[in-house]
Amino acid sequence: MRILEAMRSDDFEEVLLLQDRRYGLRAILALHDTSSGPAFGGVRRWRYPREEHALRDVLRLARAMTMKCALAGVPGGGGKVVILDQDDLRTEEAYELLGQHVQQLGGRFYTGPDVGTGHHELSLLARTTEYVTRPDESGPGDLAAATARGVIAGMRAALEELFGSRSARGLRFAIQGVGEVGAKIARLLVAEGAEVSVADLDEGAIERLLAVETEIDVLPPERLLDAPVDVFCPCAMGGVIHDLSLGRLLARLVAGSANNVLALPRHGEELHRRGIVYVPDYVLNAGALILGAAFHLRGQRDVGAEIERIGETVRWILRAAREGGESPMAVADREAERRIAEARAKGRPFFSS
Ligand code: NAI
């Protein structure tokens, strides 16, 4: 993958390649768009089999954050960092150094959690940059709870469009991944009277959920996709909908928190052809972004009403898709791109450090 070519085709502003041999740090920081305000995006630390996978991941994730901002009405854009995890990575020093790079961007980029970056790593970043979501009481609060709330709000709108009621009562759900977000969604759905099956690769995650919620059915991870359910709710890693998994899905609705659920954009069209409604991930999982951005830009934590608005956006997308005979993804992408183009035409705000 050629970096400059990739930047041009998806219109990236800036991609920084970071290296420090002392700490085994190799990272890529991508800023997709700051036309409407600063870029927001977490730090993902992952063992990529090849360098190219890391580059592809960071670009895709950063661009999705811009789309997420556009449809959530957040005055900002997309960014992301990936750290290429390896044996000689000295986590503490590496995160501190990364924080310095973020600081040097002078507020053009706010960063936060993602896979491999939890409370501990966020506090390391916070030693060297002010532009990070702090995991303690000085930060915005529980981002995963905000995400779960947004997913449920969007899901309700989708349930109403598909099944005629906003309630999950009596419907069957399969939740893939019961970590921070998935476990919260599982509990909310059970409380409402839904039949919930879950699967997780990590037995610890299942045990933690069972300790607080016994009314769930646990399935082996490889059987979850074939479960006879109404809704498949991906809350683990991306790329779960691909050529092989598509044909196994029995659900009528796919709606969850995972980023980049589709292995390729064409899989969204394929779901549509099969009569399965896919609510675009970046629309549904914007809760944490809405809370994080409100906190950083306005010092506000009470954003429940804004998060609930995800429901209205989902309803609008599904209705427009039905009327136009298109996939929800096509409608959402077009609207997000329209808003991004409009913001770019107005020019970029000035950031000073
Ligand atoms: P997490 O790391 O707490 O939980 C993910 C869970 O999925 C883990 O328990 C893991 O063992 C499990 N898992 C991984 N692969 C699996 C597989 N093939 N089958 C079954 N289980 C599997 O992550 P978190 O924070 O709950 O996020 C979940 C998803 O939502 C991720 O894709 C994340 O990028 C996305 N997301 C999270 C946000 C947040 O606020 N935490 C915000 C927006 C998106």
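The model is predicted, so local features need pLDDT of at least 70 and side-chain atom pairs count only at pLDDT 80 or more, while totals for chains, interfaces and linings use all residues. Residues are numbered from 1 along each chain as its sequence is written, and side-chain values use heavy atoms, with hydrogens and water left out.

A pair of aromatic rings is described by the distance of the centres and the angle of the planes. Rings of Phe, Tyr and Trp (its six-membered ring) pair if their centres lie within 6.5 Å; planes under 30 degrees apart count as stacked, over 60 as edge-to-face and the rest as tilted. By this rule there are two aromatic pairs. The ring centres of F40 and Y110 are 5.4 Å apart and their planes stand at 20°, so this pair is stacked. Because F40 belongs to strand β3 (residues 39-46) and Y110 to strand β5 (residues 109-112), the pair ties together parts that are 70 residues apart in sequence. Helices (H or I, at least four residues) and strands (E, at least two) are DSSP runs, numbered from the N terminus. F40 and Y110 are both buried, a term for under 20% relative accessible area, with exposed being over 50% and partly exposed in between (1.4 Å probe, protein chains only).

Y110 also forms an edge-to-face pair with Y131, at 5.4 Å centre to centre and 85° between the planes. This pair links distant parts of the chain, 21 residues apart: Y110 is in strand β5, and Y131 is in the loop between α4 (119-126) and α5 (143-163). Both Y110 and Y131 are buried.

A cavity is a set of points, on a 1 Å grid over the protein atoms alone, where a 1.4 Å probe fits but cannot get out; lining residues have an atom within 4 Å of a point. The whole structure holds two cavities of 30 Å³ or more. The largest cavity contains about 50 Å³ of space, and its lining includes I152, R156, L188 and E192. Helices α5 and α6 (180-191) are the elements that give two or more residues to this lining, and α5 supplies the largest share, four residues.

The second largest cavity has a volume of about 30 Å³. Its lining is formed by L61, A64, M65, K80, N259 and N260. Helix α2 (residues 51-72) gives the most to this lining, with three residues.

Note on methods
1 Å grid on protein atoms, 1.4 Å probe; cavity = no way out; pocket = protein on both sides within 12 Å on 5 of 7 lines; lining within 4 Å. Points joined across faces, edges and corners; volume = space filled by probe spheres on them.
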